[in-house]
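Please have a look at it first.

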Amino acid sequence: MANISQNIKFLRKKKGLTQQQFADQVGIKRSLVGAYEEERAEPKYELLKSLALFFDVSIDDFINETIDEKWAPKPKGNPANLRILSISVDKEENENIELVPVKASAGYLNGYADTEYVAALPKLYLPMFKQGTYRGFEIKGDSMLPLQSGTIIIGEYQENWADVKAGETYVIVSKSEGVVYKRAGNKFKENKKLKLISDNPVYDPYEIAGEDVLEIWKAKAYISTHLPMPTPEPTMESLTTMMAQMQRSIAGLKGGN
């Protein structure tokens, strides 16, 4: 909060505006400007976005950096400068695991960085996840079979998107696709596209632009009411097929030698 109050005051003065002039230009009361600059109140997320746009700085820098004469913005697209995360905590100050149901997915795109919105989400308690920041996302559809529609994916927050690894699964929150659970087809690289792959081969892979991505959560576990079916006993036909495949593989190896 101290960063925000200092940054508002510094950037306002840098523009040569009085509190009243600044309030008039951003459409708020002058008393609020004073409250923000004196740390007696904190702007809501929507206003923070407007203020960052007004001052032409990234919202991440506006919230997390001390902006003064020595400050310089980080290069746009730097993976370390892409994200802010709102969390909620329990009475013991432990981070909650918030649940984003399918019906809340659309609203999550607007409220993912709003502390009040996140605090209002349903909560999960999973004792095996004590270190780190986790969130649950209910998936919809059959694109990630054998995981069924309605499965809840427990994702660990990825602060550095450069850690995304090809072949591993993630919940990707983006402006164009919303909340999706997919397998990464490539590492995340600055200003590059991220390839997303469905485990169900019926669905074709597709790409989204890096600047379109809002959050990335690495899949760590899932909760489902669909229990796995037992592995069927091998039949004579399946054994015969397996033997034929083995023979072909051995013949291929011999031919290579």
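Predicted model: local features only at pLDDT ≥ 70, side-chain atom pairs only at ≥ 80, totals over all residues.

The largest nonpolar core here has 39 residues, and those with the most contacts inside it are Phe62, Tyr108 and Tyr181. By such a core I mean a set of buried Ala, Val, Leu, Ile, Met, Phe, Trp, Tyr and Cys residues joined through side-chain atoms within 4.5 Å, where buried stands for under 20% relative accessible area, with a 1.4 Å probe and protein chains only. Residues are numbered from 1 along each chain as its sequence is written, and side-chain values use heavy atoms, with hydrogens and water left out.

Coming back to the core, its largest share, six residues, is supplied by helix 4; helices (H or I, at least four residues) are DSSP runs, numbered from the N terminus.

Which helix packs against helix 4 at an angle of about 110°? That is helix 2, residues 19-26, whose axis lies 11 Å from the axis of helix 4, residues 45-55; the axes are lines fitted to C-alpha atoms over the stretch in contact, and angles run from 0 to 180 degrees between N-to-C directions. Helix 2 is therefore roughly perpendicular to helix 4, a label used for angles of 65 to 115 degrees. In this packing, Phe22, Gln25 and Val26 of helix 2 meet Leu51, Phe54 and Phe55 of helix 4, contact being heavy atoms within 4.5 Å.

Technical notes:
Helix = DSSP H or I, 4+ residues; strand = E, 2+ residues; numbered from the N terminus. Parallel < 35°, antiparallel > 145°, perpendicular 65-115°, else oblique. Buried < 20%, exposed > 50% of the residue type's maximum accessible area, 1.4 Å probe, protein only.
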